[in-house]
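Please look over the structure below. Some questions and answers about it follow.

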Amino acid sequence: MKASFQALGRHVDLSGVTPEKLSEVLPMLGLEVESIHSFGLAPLPLVVVGEIQASEKHPQADRLSVCQVDVGDGTIRQIVCGAKNFKVGDRVPVALPGTIMPSGFEIKVSKLREVESQGMMCSSEELGLGKGEDGLLILTAQKPAIGTPLNKLYGKPDSVLEISVTPNRGDCLGYRGLAREAAAALGLTLKPINVKTAAGLSTSASAKDAFKFVRSENSFCPYYTARTLRNVKVGPSPDWLRRDLEAVGLRPINNVVDITNWVMLELGQPLHAFDAAKVKEGIEVRAAKAGEELTLLDGKKLSLDATSWVIADAQRPLVLAGVMGGVDSGVSATTKDIILESAWFVPGEVRRIARRAGISTDSSYRFTRDVDPAGVELASRLATDLLIELAGAEVVGPAVSTGKPPRADVKIELPAGFVATKCGTPITDADVVNALQKLGFTVEKSKEGFSVTVPSFRSDVTRPIDLVEEFIRIYGTHQIPAGRPIAPLPGDEDTRSSVFTREVASRLVGAGFSECCHYTLRDVSEIERTVGAEHAKLLALENPLTTDQSHVRASLVPGLVGALSRNVAVNADPRGFFEVGVVFRPQADGAVREFLSVAFAAPAEALVRSWKVPASFDIIKAKRFLQDIAQLAGVAVPRLSFTDAKSALWQSEHAANLSDRGRSAEGACGVVELRWTRSMGLKGSIIAGEVMFPRSSFADVQRIPRFEAFSSFPPVTRDVAVIVPVATSASEVLTRVQQAASKAAGKEFDLEYVNCFDVFNGPGLPEGSKSLAFEIRWRHNDRTLTDEETNRALSAVIAALEKGAGWVIRK
Amino acid sequence: MQQQLAQLVATAQAESKSVTNRAEMEAFKARVVGPNGSLTAAMKGMATLSKEERPIVGKLINEAKKSVEEILAALLTKIEDAEIGSALGTPLDPTLTGNETPAGFIHPLSRTREKILNTFKKLGFTIAEGPEIETEWHCFDALNTPADHPARDMQDTLYLPKSFRSVDAPRRGEEALVLRTHTSSVQIRTLLNRKPPFRIVAPGRCFRRDAVDATHSANFHQIEGLWIDHQVTLADLRGILDFFVKETFGADAEIRLRPSYFPFTEPSFEMDLRSPNLGRLSNRWIEIMGCGLVDPKVLELCGLNPNEYSGLAFGLGLERITMLVHGIDDIRHFYNNDLRFLRQFA
C-alpha cells in the first residue's frame, strides 16, 4: 500500500525521523518498503511566478515562440518556449537560470536556434508534479503575485512509501496501523484520535432515519452499522483532502466519496455511502438471488446467483458486498441525504466473491484481510465528523446496528520460558514484556508465565508461537545467535532418483552431451506430435497464461531438437544435448503418470568439418546409451525389448520403441521425424533417444550385489550362421540361438554369451532372406571343455534351429 | 681357414645391408645358416681336420657363428621396425587436432543445485522429492493456506482441469490439481510418510502463472529444506542458513533475517544476503529465501503433536542463487540453452 509520510505523522510524531530512516525500520518489522517517491513540489527557490507580456513566432522555428516575461524583478526576460497552451497575460512558473530541475537538468541562459532564452517556462511534469495538461502549467486562475516563489503556492513536498503488506497484516492497511508499528519500533507514542461524534449504537431505526430497517441475519455479515446524514452538500473536497488522496494515487470524486476513502486510508475500515433517495425502505445484507443483476460503479454488469452476497434494499441488490457499490445507488451531485455503511464481513467470503467477479478493490482488499471489528463504529464516527464539517451534513441520531462485533481482544497464555525455548537463546522476561507492551499488548503475570491480551486489530495473533514472532520483530533478529549446525547420526539416504539424476548427467557429459533445461509448459502442436491428438487433450492446463504454454510436456526430445536448431542458427556448433527432467504421459486408463525422463539428441553427422572421417551417431549407438541409462536406473537390461516406433515424433522405419517387461522403463530412439527437423533448419538427420522411468521404479531399495565365483578355465567358442526371412527380427533369432545354446549346455556347463557378429543379405542367399552369424561361447566351471562335447553341443544348437525354427544353417 | 671365415662373416655383413623385407631375410638366412649355407659348409669341413687343428678351428668357427647370429638379430630388428613403421603410417604431428567430441557441459542450474545439496548434506540433510503436479491440499491446505485465504493471492497458480487424474498425486477429496507453486508440498509428503527426527532438502521444479521476462519464468526451481526434531530453534535456523551462505557465497557473506509472512511458518522471515563479491549487487541486502519455524498448525495437519515436535523450514530459488553466484542478468538464459552460455560454467 502507498503511505504518505505526512499523513502518517498525524498518528505519531515523526519530526525526528526521515522517510529514509522509516524505510529502514519498517522492513525489519516485516513491512517491506518497495520504493519511496516524492509527492508535491520539491524545493525550487529559483522557480517563480511570471507573467507573459508578449509572444511572437520564433524567426527560424515554426514550433517555438519567443516570449517576453515579467518575473517581478524589474527586468523583462526573453524566453523561448515550445508550448502552445498559453495566451499573453497568463501567469506561469518560470525557472530562472541556475535552477536544477527535478530531472537534474540545469537551466542556463542559452540560445535556441539563434535566439537567446533567459530561463524556462515550466509544465506540471517538468516540475515533478505529475502529468498535468499538455503544455505550461497555467496559474492565472489562482491570481498569484508576479515574482512569488512557486513553493509558496504549494505545500511542503511529501514522501510516499510503497509498502508491501503481507496478507496477515490487514491492520497495516491504514495509517493508524502503520503508525502503531512505527511507534513500537522507534519507541514513540501514538497520538490519540479525536472524534466528536458520540459513540453509541441504536438497535433499530428511528422515524427520522432514511431507512426503515437494517437486516443482516447471516454468517457472512455478523456486524453491520448504518447511519443517516441529511442535507449533505455534495461538492469538491478541500485541497488538503484532495492532496491526501492524490498522494497515494486515489482520484478525488466528491466530498462524500472522498471522505469515505480518506477514513479508509486512515483507519483501514472501508465505508460505503448510499444516496438515501435511491434506497427503497431499508438495507439488508443477503445472498443474491439467481437472475438478479447489478451494474457496478465501474460500469461492469454482473449476473448474480446465490453464491454471491449483496447489500440490497427491499427490492434489488445495491452493492456487491465488501467489493464495490452499484451505479444506481451511489452518491451523485444531486444527492441530498446519505446512508453511511460501516460493517464487518467474513474475509474468505469477500475474497471468494471478489475473485468470482474478477474484481479487486481497495475495499475488498482490506475486508479479505480481516478489518478490526472494534474499528467499525470508530470509522463511521470519524467520517460523520468530516461530513458535518466539510459537507454541512446534519446527523439524525446514532448509527443503527445489527449483530455484534465478531471478534474481541484475545487473551493468550504464554508459558514461562516459551519464547527463549523457541529462540534457542536466553531471553529475559523483561525483554518479552517490554517488546509486547510496545505493540500495545497488555501483559500480566500469571501462574504459568504471562497472560497477554492482544487487541482485536491483531487478528493474526492468537497463539503463543504468534507472540514469539511479535517478540522477535521488536527485539530484533540480529540478537539471535547462530546455533551450531550439528549433524545427526547417519541413517538416512537420498532418494534413488536424485542419485540417478546426478549420475546419469555425469555419464552423458562424459559422452560429449551438454545438459539443457527447457520449459515444462509447451504448445499443443508439440504435444500432439509426441503422443497424438487424443492423449494431448489429457495434458492440457485449465488456465494457461499463453497459448504456447498450454500443455505439460510429454517428452524432452522436442526441447532438445529446439536447442540444436537455435544453436545451429547462431553458429554455436552444437554436438549433442541431453536433459533430465519430469515428463507426463497419459496411461491406458486415462490417468496421467509422471516419469523421470532422460533424453539426448545429436546430429547423425557432425556439423563441424574435419580432415578426419568422423564416426557418425546412429541408432545402434543411441540404443546402447538407452540400455546403459536404464541399467544405471536399476532396470535389468535383458528385460528391455525394442520394436518399431510409431509416433509422429519419430521417422517411421528408422526409430525404435523401448519397453520393459517389468514396466519400470519405456522410451524410444532413432531418427527424429525428418520433415520436422528440416523445417527447424537442421539439415541432416537428428538421432535422439529418450528413456522414462515412473517414480515407482525408484521405490525399491537397491540390492547390494553379492559376489559370485567365476571359472578359471578357458572357454570354447563356436560360430553358427542362420539364414532367415528378411522380415524376421534379429532379436527373435538371437533369442532362439540363446535358448538352443543354453539347452545344449544343459546342467553340465554354462552358456556364457551369444554375439551377433555378422549380418549379410547379399548375393548367394535365396531371395528375400538374410544371414545372421552368431558366436557362441561356453565354459565349464571345473575343467576345460573337450572338442567332442563342444561339437555335440553345436550339433544340438543346429538341430534346434533347423528342426525347431525351420531355419537354414549356412554351412 | 681363419681368413676364409673372416671373409664369410664380411660377406654376410655386406649382404645383410641390402635385405629389406622378411622374405629376403629368410633367403639370406638360408644362404648363411641353412643346410646348404656357407657357415654350415664351413662347419661340415671340421670333420676333415686333425685333432690338433680342431680346437683352434672350432674356436674360430664359434666366433664366426656368433658374429653371424648378431648380424641376423640386427637384421630381424631392422625388418620389424620397417614393418611396424609401415603398419603405423605417417608419423604423428602432435600439434594437430581433429573433430573429436569433447566432454559436454553440466547445466549451471544442475551444478548449483548439486553444490547446494552437498552443502546441506554436510549438515545431515538428505534428498527428498515429490510430484510436480500436486493436489491443492498438499500445495496449500496442508500448508495452512485454506481456500479463500488471502495468502493464495501471493502467487498465481496454474490448474489442471477437473477431469485430470494423476497417478502420482491422487486427490484426497474434490480438490483441484495444480502445478505446484513451491516445493513446500514436499514438506507435507515427507511429514506424512516419515517419522521424525529428520532433515531433508527437496529440489524441484515449480510453476507460477507469470509472464516470462528477465526475472520471471513460467517454471523455475526451488530447494526446500525441512528439519523436524524435538526443540528446533531460531538459533538452529540461523546456524544452518549462516553455514549455507558462507559455503555458497564465501566467508565474508553475511545474512539477516527480516520478519515476513508465510502461512506455513511462524515466525517467518525473508533471509537477506550481503556480500562484497557480487559485482553490481555487492554490499547491499538482497532477498534470497523465505524461512521460519514450522507453524504448529502444519504439524497438526500432518498428524504430529506440536508440543512434542518442532521444526524449521526454508525455501530458496535456484535460478536466483545461480544468477547471483555467476552474475547472470536474465533468467531466460537458463532456458535458451545457447552453448555460448552453457560452456561458460563448465
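**Chains A and B**

In this predicted model, 93 residues of chain A are in contact (heavy atoms within 4.5 Å) with 95 residues of chain B. Local features need pLDDT of at least 70 and side-chain atom pairs pLDDT 80 or more, while totals for chains, interfaces and linings use all residues. Residues are numbered from 1 along each chain as its sequence is written, chains are lettered from A and ligands numbered from 1 in the order written, and side-chain values use heavy atoms, without hydrogens and water.

Reader: Which three residues supply 9% of the area that chain A buries against chain B?

Author: Buried area is the accessible area (1.4 Å probe) that two parts lose on being put together, summed over both. Between chain A and chain B this area is about 7,600 Å², with 54% given by carbon and sulfur atoms. On the chain A side, more than any other three residues, the 9% comes from Arg351(A), Cys517(A) and Tyr519(A).

Reader: Why is chain B more spread out than a compact globule?

Author: The C-alpha trace of chain B spans about 125 × 50 × 45 Å along its principal axes. The globule rule (2.2 Å times the number of residues to the power 0.38) is set against the radius of gyration, taken over C-alpha atoms. For 346 residues the rule gives 20 Å, and chain B is more spread out because its radius of gyration is well over that, at 41 Å.

Reader: What percentage of the residues in chain B is buried?

Author: Buried means under 20% relative accessible area, with a 1.4 Å probe and protein chains only. Of the 346 residues in chain B, the buried ones make up 54%.

How values were computed
Buried < 20%, exposed > 50% of the residue type's maximum accessible area, 1.4 Å probe, protein only.
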